[in-house]
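Let's take a friendly walk through this model together. Keep the sequence and the coordinates at hand as we go from chain to chain.

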Amino acid sequence: MAPHVRRNDAGLRPVEPLPVIPLGTDGASLGRALLGHADAAYAYALRLTRKPSDAEDLVQESFTRALGSAAGFRGGNLKAWLFQIVRNTYIDLHHRGAGRAQAELLELADDTPLFQDDIELDRLRRAVAQDIEAALRDLSEEARSIILFDLEGFTETEVATLMGCAVGTVKSRLARARALLRGKLQDYMR
Amino acid sequence: MDCRDARPLLGAHAADRLEPVRAGEVAAHLHACADCRRLLAAEDALNGALSQLPRPPAPARLTARLESLVAAAERPAPARRERPRLAIWLAPFVSACAAAALVVVVTRPPAPAGAGALVNEAVNDHLRVVTSTHPIEIESGGIHQVKPWFTGKLEFAPRVTFSGDDEFPLVGGSLGYFVDRKAAVFQFKRRLHTITLLVFPAGGLGWPGGATTRVGRLEISETSSRGFSVLLWRDEGLGYALVSDVNVHDLELLAGKINQM
């Protein structure tokens, strides 16, 4: 069987292969496989909730939902499926009503701002982890999520599913979110 | 390729994630466009910043709870515990009058000898509740829905006078089994945490014989197992098991509310 190749729809070259869980996996096998993504889910949850205890609650609730709906897993990238449950659970429990407004924010993007001078660029290059964490915290949930999903190496199709948007809009939304992050980073380091 | 085509790809280009043909197109555009070259430098710097993001691992206590959830999902239900065909849910029950609140003072001795079986059963039942596809058949919608529902389904009347509040909302209830007998199962919430209360006939079980703490007229035994806290007590022939991963002080607070008579 040919190895699974993850190819982005927009001409991106294959990224790190992820294990694919076949359709029909029973709940027990699925649960064990989910445990392998617990750290990644927690890191994502922590950046959503910004509070360790809330992140733990969110991951546990997400696992509960995932295990309870194992039959609903249609095969494919289990990690992306788990991240979708984490995000949906977060929106359900913490952010109901705000998601739509944030989505509109990214949809409105029609141009990507440029940096004005080399000083700003130098400042960006000097950013450390603490700076980027702070800048991420200032972003909307949607902008934060799409950047983090991209960092996880999810394909555009997977990101579109995760974000509930059309595949064709992922690139522009991601570019807009990254532009917002750069702006926040500049503000934070100024 | 113009700026509008190139700019959404610059992040991937900076991360060297474009396929060769598309990367060549972007490179050709960059050669002729100073603005996009500047944006590429910014994207490159941003990728450098993002690469520094730490990935904190899940805390050990969370991992232990997740493993318990998965273990419960793997474990087939015991034959005697055939899935409650009548998995019906009661809603809030008992309004009962609130009387003098009992002050719950619970110490934390090591698990008393002989308590292991009941503690394991309580944790397993809690895990079945939280991993069930249909943990609640009938949601709690009002205190007048509950008691009538139990009639004829249990050989006993569960005495629970607490119908939930803002701190511990009552989510619902159902029929379940505890060891070899039917039990009333109530599900409360504490923020996002699920708390399971089991009420069942107390006779014939190996109750903890170790240290207990006087709580009003009751004796409560507290133990922990697999990352969950378990409070056990008996009252007028009925047994009570309260299980959750919430902070133990929260569980004690709920036990106090449940014990109000």
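Two strands pair if DSSP finds at least two bridges between them. With that in mind, turn to chain B of this predicted model, where B:Tyr177 has B:Lys182 in E2(B) as its bridge partner. The two strands around this bridge are E1 (residues 170-178) and E2 (residues 181-190) of chain B, which pair in the antiparallel sense over 8 bridges. Between E1(B) and E2(B) lie 2 residues, making a hairpin, and B:Val179 in that turn has a positive phi of about 60°. Is strand E1 of chain B mostly covered or mostly open? E1(B) is mostly covered, with 9 of its 9 residues buried.

E6(B) and E7(B) have 2 residues between them, and B:Glu236 in the turn has a positive phi of about 50°. These strands run antiparallel and are joined by 7 bridges. If you look for a landmark in this pairing, find B:Arg234, which stands opposite B:Gly239 in E7(B).

E7 (residues 238-244) of chain B also has a partner in strand E3 (residues 193-201) of chain B: the two pair in the antiparallel sense over 7 bridges. Here B:Leu198 stands opposite B:Ala241 in E7(B). How enclosed is E7(B) by the rest of the structure? Of its 7 residues, 6 are buried, so E7(B) is largely enclosed.

One residue in this region deserves a stop. B:Leu231 sits in strand E6 (residues 228-235) of chain B. Why does B:Leu231 count as buried? The cut-off is 20 or more other C-beta atoms within 10 Å, and B:Leu231 counts as buried because it has 25 C-beta neighbours inside 10 Å.

Stepping back, chain B has 8 helices and 7 strands. Of its 261 residues, 42% count as buried. Among the contacts in chain B with a separation of 6 or more, 72% are between residues 24 or more positions apart.

Now for chain A, which has 10 helices and 2 strands. Along the sequence, these follow the pattern β-α-α-α-β-α-α-α-α-α-α-α. Buried residues account for 42% of the 190 residues in chain A. For contacts in chain A between residues at least 6 apart in sequence, 71% join residues at least 24 apart.

From H8(A), A:Glu142, A:Ser145, A:Ile146, A:Phe149 and A:Asp150 meet A:Val159, A:Leu162 and A:Met163 of H9(A). By class, the residues of this contact are 5 nonpolar, 1 polar and 2 charged.

Finally, bring both chains into view. Their contact takes 46 residues from chain A and 43 residues from chain B. On the side of chain A that touches chain B, helices H1 (27-35), H2 (38-49), H3 (52-68), H6 (118-125), H7 (129-137) and H10 (170-189) each supply at least two residues. Which helix gives the largest share of that side? H3(A) does, with 9 residues. The side of chain A that touches chain B has 26 nonpolar, 9 polar and 11 charged residues.

Note on methods: Residues numbered from 1 in each chain as written. Chains lettered and ligands numbered in written order. Predicted model: local features only at pLDDT ≥ 70, side-chain atom pairs only at ≥ 80, totals over all residues. Contact = placed C-beta atoms within 7 Å. Helix = DSSP H or I, 4+ residues; strand = E, 2+ residues; numbered from the N terminus. Nonpolar A, V, L, I, M, F, W, Y, C, P; charged D, E, K, R; others polar. Buried ≥ 20, exposed ≤ 12 C-beta atoms within 10 Å, placed from the backbone.
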